[in-house]
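Subject: Structure handover

Hello,

I am passing the structure on to you. Please have a look at it first; my notes follow below.

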Amino acid sequence: MAASFLQPPTGSSPQTAIHLSQGAASFLKSQRSAFTLPWPLTLFLNTDSQEKWAIYENTLLACLRTGDFDSAHVALNAMIDRFGKTNDRVVAMAGLYQEATADDKKELEEILEGYDDILKEDPTVFSIQKRRAALLKSMGRTAEAVTAVSALLELSPTDAEAWAELSDLYFSQGLLEQSIHCLEEVLVVVPNAWNMHAKLGEVTYIAANRTEAAGEQSKLLAESMRRFCRSVELCDDYLRGYYGLKLATTQLLTSLPTQKKSQQSDLPPIASVQKLNELATAKLANILRRSSSGEKGWDGYSAAELAAVRQLLDKDTQKIQR
Amino acid sequence: MALVANAINVLGILFLSHAVYSAWEHSLLPSSSLPPSPSSILPQALDPKINLPLDIVLETLASVFFLCLGVVLSSPSLKPIQWSAWAGRLERCKEARKYTEFGVGGGNPYENLEERPGFLDIRGANRDFAEWIRHSKTT
């Protein structure tokens with residue numbers, strides 16, 4: 001499948017990044033016209049479009065990722081010519097280019113100082129605030145990155161991306177409680193994001209596996225189960241949600257019967273947990289069957305996720321056979 | 001199905017134009033029918049003052065029916081208006097995620113909360129990519 005030039009290359013596979021950066025040279029060449037008309041006539045020949053600049057941005061990111069810095073420089077210069085040096089987005093792109101081409105730690109420190117200078121003039125350039133936090137994280141100074149993202153959130157508390165980043169930073173430091181809190185803040189901003197509900201379920205599940213106290217663990221597992229339920233309610237056939245739902249309910253079924261009667265009041269009844277577990281198993285088996293038989297309209301799941309589902313279901317059947 | 005719907009549409013258009021033409025021709029013949037008595041309901045200006053034979057009336061009604069049927073049958077299938085059905089389709093099939101134009105397509109719109117392009121660690125991405133190239137060359 002030919003990758004679209006409009007697809008942002010950040011989260012995509014290396015193959016798409018290669019494809020984009022290979023097309024970069026010819027794309028940039030095609031954009032350079034041999035002659036330009038004098039001023040009033042240029043108004044009739046408008047080549048500006050959103051698509052064009054989206055492709056420029058994607059090309060720049062893909063070239064930086066694959067290490068084709070010459071093409072990246074050309075794309076960056078075109079963007080600077082069009083939007084000016086002080087545009088928020090262009091400043092961040094220029095910073096990205098500098099970061100990617102920096103040779104050693106000293107240069108990175110200089111870039112960081114440059115960011116600080118920009119922010120001293122105007123602390124509300126959010127793209128640079130984010131770049132600064134990302135650079136700190138990339139340099140391994142996670143604690144400072146946390147402070148930077150917190151400062152950003154002081155200024156703009158409805159920035160879901162920043163809350164998600166802060167949650168990830170806390171998670172990487174093992175502070176699960178804070179991480180869960182940040183994800184809840186994300187859900188306050190975007191309550192319909194089914195992947196964030198699943199993510200919150202996952203982090204809660206990990207937190208449950210870490211706690212020693214049985215009562216607390218069941219409570220966290222029940223919480224995690226509810227998050228996964230919400231994610232599959234928002235999205236039919238959501239593989240990640242059903243996978244998590246199955247994991248959480250399976251563990252909950254082993255821990256629930258050992259609870260004292262007094263504690264069971266705020267826990268879900270065993271019968272409904274059992275039902276949810278069966279539903280998740282049936283749904284996962286259905287997804288696996290239809291995807292692996294190559295049914296039309298069921299080709300969107302990633303192969304790695306399907307393999308994980310197969311493993312989970314196989315483990316289940318082995319247990320029953322024994 | 002699309003072929004049948006289009007055929008019905010074409011049939012409807014043919015019948016309708018034929019009926020209209022017949023009515024026009026009929027109105028030009030002064031001897032074909034006696035003028036009806038002036039209508040009591042319609043205003044003077046709107047009264048057609050001619051009598052149409054039954055077959056033209058029936059042809060008009062049939063052609064309009066054919067056209068309605070054809071238009072309904074040839075319309076595209078309904079898009080999901082339920083959030084979960086729409087989201088499920090995005091997860092399930094690749095076609096739904098395809099980029100068709102700027103800002104259209106691309107799957108889960110909340111995906112960037114996990115990828116976070118604003119906080120992109122470009123050095124890490126670059127390193128991972130070099131690693132991937134080395135790995136795919138050795139295997």
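In which loop of chain A does Asp237(A) lie? The loop is the one between α12 (214–234) and α13 (239–255). Please keep in mind that this is a predicted model.

Asp237(A) is not a glycine, yet its phi is positive, at about 55 degrees. With a relative accessibility of 8%, Asp237(A) counts as buried, because that value is under 20%. For background, most residues other than glycine have a negative phi.

Arg116(B) counts as buried, with a relative accessibility of 7%.

Next, the surface of chain A. Leu37(A), Trp39(A), Leu41(A), Leu43(A), Phe44(A) and Leu45(A) make a nonpolar patch of about 740 Å². One of these residues, Leu37(A), sits in the loop between α1 (14–31) and α2 (39–42) of chain A. Leu37(A) is partly exposed, at a relative accessible area of 30%.

On confidence, the average pLDDT of chain A is 88, and 94% of its residues score at least 70. Among the elements of chain A, the lowest mean pLDDT, 74, belongs to α2(A). The highest, 96, belongs to helix α10 (residues 176–189).

Finally, the domains. Chain B is split into domain 1 (2–74) and domain 2 (83–107 + 115–138). Taken over C-alpha atoms, the centres of these two domains of chain B are 57 Å apart.

Regards

Terms used:
Residues numbered from 1 in each chain as written. Chains lettered and ligands numbered in written order. Predicted model: local features only at pLDDT ≥ 70, side-chain atom pairs only at ≥ 80, totals over all residues. Heavy atoms only, no water. Patch = residues over 30% accessible without salt bridge, like charges linked within 9 Å, V, L, I, M, F, W, Y side chains within 5 Å. Areas by Shrake-Rupley, 256 points an atom, 1.4 Å probe, with all protein chains shown as cover. Salt bridge = Lys/Arg side-chain N within 4 Å of Asp/Glu carboxyl O. Helix = DSSP H or I, 4+ residues; strand = E, 2+ residues; numbered from the N terminus. Buried < 20%, exposed > 50% of the residue type's maximum accessible area, 1.4 Å probe, protein only. Domains from an automatic or database assignment. pLDDT = per-residue confidence, 0-100.
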